[in-house]
Amino acid sequence: QVQLVESGGGLVQAGGSLRLSCVASGRTLSNYAMAWFRQAPGKERDIVAAISRSGGSTYYADSVKGRFTISRDNAKNTVYLQMNSLKPEDTAVYYCAAKITYNSGRTYLTQYEYDYWGQGTQVTVSS
């Protein structure tokens, strides 16, 4: 089993930046595809960004494309989400997720495909 812990959330003004981190323990991330999801109050949990096991493929929701960047550092067992040009509509709890897979190049976009989840970190963007 792998444990995931998110950090880096907080309160930021519109136009600002935050960098979220997801640190894994118990297992190496080298055999996992990873993703960030977010959920605002009263809303569904939606995909934000995903990255393949190899790191060679990424996916971004249209709402964050060009502003957010997902990356991974397997040596540090960490996945990052760099968030720039933040908007009030980005306000949500952000969750890190891991899916074990033998496919090195595929990204996974549905929450039901993921095996492990972090506890979430709050991001609040003020106008």
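Two strands are said to pair if DSSP finds at least two bridges between them, strands being DSSP runs of E with at least two residues, numbered from the N terminus. The model examined here is predicted, so local features need pLDDT of at least 70 and side-chain atom pairs count only at pLDDT 80 or more, while totals for chains, interfaces and linings use all residues. Residues are numbered from 1 along each chain as its sequence is written, and side-chain values use heavy atoms, with hydrogens and water left out.

Strand β1 (residues 3-7) pairs with strand β3 (residues 18-25) in the antiparallel sense over 5 bridges, and Val 5 stands opposite Val 23 in β3. In a regular strand the side chains alternate between the two faces of the sheet.

Thr 78 counts as buried because its relative accessibility is 6%. Leaving out residues up to four places away in sequence, Thr 78 touches Ser 21, Cys 22, Val 23, Leu 29, Ser 71, Arg 72 and Asp 73, contact meaning heavy atoms within 4.5 Å. A polar atom of the Thr 78 side chain also lies 2.8 Å from the backbone oxygen of Lys 76.

Lys 99, in strand β9 (residues 92-100), reaches the backbone oxygen of Glu 113 with its side chain at 3.5 Å.

Note on methods
Helices (H or I, at least four residues) and strands (E, at least two) are DSSP runs, numbered from the N terminus. A polar contact is a pair of N or O atoms within 3.5 Å; within protein, one must be able to donate a hydrogen and the other to accept it, and residues adjacent in sequence count only if both atoms are side-chain atoms. Buried means under 20% relative accessible area, exposed over 50%, partly exposed in between (1.4 Å probe, protein chains only).
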